[in-house]
Amino acid sequence: MSSTLDPSAGRAELTARTFRKDRWWLTPAVQATALTVLLGYVVVRLFMRSWYFVPELNYLTPLYSPCISTLCTPGSSHFGTIFGELPFWIPLPIIVFPILLGFRGTCYYYRKAVYRSILQSPTACAVAEPAKRYRGESRFPLIGMNSHRYFFYGATLLLLINTYDAVLSFFPQRGGFGIGLGSLIIVVNVLLLWAYTLGCHSCRHLLGGRLRHFSKHPVRYRLWTRLSWFNARHQSFAWASLISVTLTDVYIMSVSAGWIGDLRLVN
Ligand code: FES
C-alpha cells in the first residue's frame, strides 16, 4: 500500500493556491495597508524638519527626541547638540530613525506581520507561498533579524529620553507647572511604549532566560512573571503604541503649526 506520509515524496503537486474557503486574505490585507500608511507617515515626518516642537509648552514629538543637531529648533535639544548641520537627505532625528526602524523591523511580532502580509511567506496557513525555497533567517539579509536584542537596548534608552520629555511637558518654558491635553497625550503614549518594550521577547529573556532553576532566582522569576503579562499581549501593544506615536505626533504638529490650540486643563 502506498503511503501518503512518505517524507521523500516532497510537497503535493497542487495547482490551486489554497483550498481554504474563509476570508484568509483579510487580516494580511488590513495589516499591509496599515503598516504602509503608518510607516509612510513616519518616514515623511522624519524628513520634514518642521512642526515637531512647541517651545512655549515644551511639547516635543517622540519622532524627534532626542534632537541633537544644531539645526534643531531652539529649546528642543534637551540633551544638547552633538551634530552640526545635516544635509536634507539625513533625518534631523539622526539617532531615532535607525533605532526605531531596527527595533520595530526586527521585532518578533512585526516579523510575523511583515512575512505574512507583505512578503506573502506564507500569507496564511495552508496557503501556498510564492517562494520556492525556504531558508529561514539563517542567511543574509534575514540573518540580520538576530540583531533584535541590540536594538532593544537602544530603544530602551530612547524610551527613557521620551519619559523625560513627558515630565518636561508639564513644565512650560514660561515657568511653573501646567497640564494640557498635549501633556496627557504624551504620557499615554509613553505608557504604551513601555508596555510594548517591556513585553519584548529579548527583555523577557534578559530577565528570565538562561536560568536552570527559577527557585534559586526568586526576584528574577517574579520580574519574568510580571513581564510575561505584557509579552502575552505584545501584538496588541505593538499596534497600540505605533498608532499612539503617530497620533501624538499629529497632535504636536497641529499645535506647533497653529492649526489648533492646546486645551489647557491646569495653567
Ligand atoms: Fe517585539 Fe522585541 S519582540 S519588541
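Biologist: What makes Ile185 count as buried, exposed or partly exposed?

Modeller: Its relative accessible area is 25%. Buried means under 20%, exposed means over 50%, and partly exposed is in between, with a 1.4 Å probe and protein chains only. So Ile185 is partly exposed.

Biologist: What kind of model is this, and how are residues numbered?

Modeller: This is a predicted model, where local features need pLDDT of at least 70, side-chain atom pairs count only at pLDDT 80 or more, and totals for chains, interfaces and linings use all residues. Residues are numbered from 1 along each chain as its sequence is written, and side-chain values use heavy atoms, with hydrogens and water left out.

Biologist: Where does Ile185 lie, and which residues does Ile185 touch?

Modeller: Ile185 lies in helix α5, residues 181-198. Helices are DSSP runs of H or I with at least four residues, strands are runs of E with at least two, and both are numbered from the N terminus. Ile185 touches Thr248 and Tyr251, leaving aside residues up to four places away in sequence. Contact means heavy atoms within 4.5 Å.

Biologist: Why is α1 called roughly perpendicular to α3?

Modeller: Helix α1 (residues 26-48) and helix α3 (residues 108-117) pack at an angle of about 110°, and their axes are 9 Å apart. Axes are lines fitted to C-alpha atoms, for helices over the stretch in contact, and angles run from 0 to 180 degrees between N-to-C directions. Under 35 degrees is roughly parallel, over 145 roughly antiparallel, 65 to 115 roughly perpendicular, and the rest oblique. That makes α1 roughly perpendicular to α3.

Biologist: Which residues make that contact, and how do they divide?

Modeller: Helix α1 gives Pro28, Gln31, Ala32 and Leu35, while α3 gives Tyr109, Tyr110, Ala113, Val114, Arg116 and Ser117. They divide into seven nonpolar, two polar and one charged. Nonpolar covers Ala, Val, Leu, Ile, Met, Phe, Trp, Tyr, Cys and Pro; charged covers Asp, Glu, Lys and Arg; the others, Gly among them, are polar.

Biologist: How many aromatic pairs does the structure hold?

Modeller: There are 19 aromatic pairs. One of them joins Tyr52 and Tyr64.

Biologist: What makes the pair of Tyr52 and Tyr64 stacked?

Modeller: The rings are 4.2 Å centre to centre, with 5° between the planes. Rings of Phe, Tyr and Trp (its six-membered ring) pair if their centres lie within 6.5 Å; planes under 30 degrees apart are stacked, over 60 edge-to-face, and the rest tilted. So the pair of Tyr52 and Tyr64 counts as stacked. Tyr52 lies in the loop between α1 and β1 (53-54), and Tyr64 in the loop between β2 (59-60) and α2 (96-106), so the pair ties together parts twelve residues apart in sequence. Both Tyr52 and Tyr64 are buried.

Biologist: How do you know whether Arg49 and Asn58 are buried or partly exposed?

Modeller: Arg49 has 24% relative accessibility, so Arg49 counts as partly exposed. Asn58 has a relative accessible area of 8%, so Asn58 is buried. Arg49 has a positive phi of about 65° although it is not a glycine. Asn58 has a positive phi near 60° and is also a residue other than glycine.
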